[in-house]
Amino acid sequence: MNDLQPIADRLHETIRAAIQNHAMLEVANNDKELIRLFNESYESHGFATIRNALTQTLLLQVTRCWDKHQADRASLPSLCERLSKPGITEALIEAAACWNPGMMLEEQNREAVRRHLEELQADVAARFQGPAKERLNRITEFRHIFVAHNLTKELAARPQYSDLFGLLDETIPLVWKANVAIQGRNNEYGDYRRIAEKQAKDFWASVRLGQKQTQDRLLQR
């Protein structure tokens, strides 16, 4: 059971960083005034470069959570492979009884871990079937061809932002369940998203203001 916590930790760190990158990217993509200012300026190449870098980083972060099982990979499939070993689930359920000593929550904690583990394994398996699998395949293939490697093969289907953002939305609750079940850590990812969105809005507002001032000075020359 000792190898479960490092995987849960790495998944947590990865998804927190993905949430921050997603907020930065989504706010920039939805800010029509910001896009207009840069499209009309010499600095548009820099703005495009930043958005492209955010997209590629987010793609890498999210797809790493879904890498196929290998002994050295901190991914959801690797985690579920370990959870399927005899005695692991039972040991985690019993460990949950010690989370809140003296508070009479032993059975409640056991039941919560049992439920989270069942849902986690079922949901991860479901992502490799039907439409969910098709979306994951589109994003993963794009990563292999254009981001992780530089291949000459053609894409079967080009992914959309909605594919990437949707996969992130599906991954967050699974990482949450993994962290709760394995180490009793209740990460408030909803709070992280709200904070990241506010920070992104503040950042791009500053960029927009600076870009407007730069343009105004150039027009006065």
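**A loop, a helix and a core**

Mentor: Let's begin with Ala156, which sits in the loop between helix 7 and helix 8. Keep in mind that this is a predicted model.

Trainee: Okay, is Ala156 buried or exposed?
Mentor: Ala156 has a relative accessible area of 73%, and the cut-off for exposed is over 50%, so Ala156 counts as exposed.

Trainee: And how far is Ala156 from Phe142, C-alpha to C-alpha?
Mentor: Their C-alpha atoms are separated by 9.3 Å, with the two residues 14 apart along the chain.

Trainee: How many residues does helix 7 have, and what span does it reach?
Mentor: Helix 7 covers residues 130-147, which is 18 residues, and reaches 25 Å from first C-alpha to last, close to the 26 Å expected.

Trainee: Switching to helix 5 and helix 6: at what angle do they cross?
Mentor: Roughly 145°, with the axes coming within 8 Å. The crossing is right-handed. On the helix 5 side, Thr89, Leu92, Ile93 and Glu94 meet Arg110, Val113, Arg114 and Leu117 of helix 6. The residues of that contact divide into four nonpolar, one polar and three charged.

Trainee: Last one: which residues touch the most other members of the largest nonpolar core?
Mentor: Leu58, Trp66, Leu79, Leu83, Leu92 and Leu120, out of 53 residues. Helix 1 (residues 4-30) gives the largest share of this core, eleven residues.

Methods: Residues numbered from 1 in each chain as written. Predicted model: local features only at pLDDT ≥ 70, side-chain atom pairs only at ≥ 80, totals over all residues. Heavy atoms only, no water. Helix = DSSP H or I, 4+ residues; strand = E, 2+ residues; numbered from the N terminus. Expected span 1.5 Å × (residues − 1). Core = buried A, V, L, I, M, F, W, Y, C linked by side-chain atoms within 4.5 Å. Buried < 20%, exposed > 50% of the residue type's maximum accessible area, 1.4 Å probe, protein only. Axes fitted to C-alpha atoms, helices over the stretch in contact; angles between N-to-C directions. Left-handed = near helix turned anticlockwise from the far one by under 90°. Contact = heavy atoms within 4.5 Å. Nonpolar A, V, L, I, M, F, W, Y, C, P; charged D, E, K, R; others polar.
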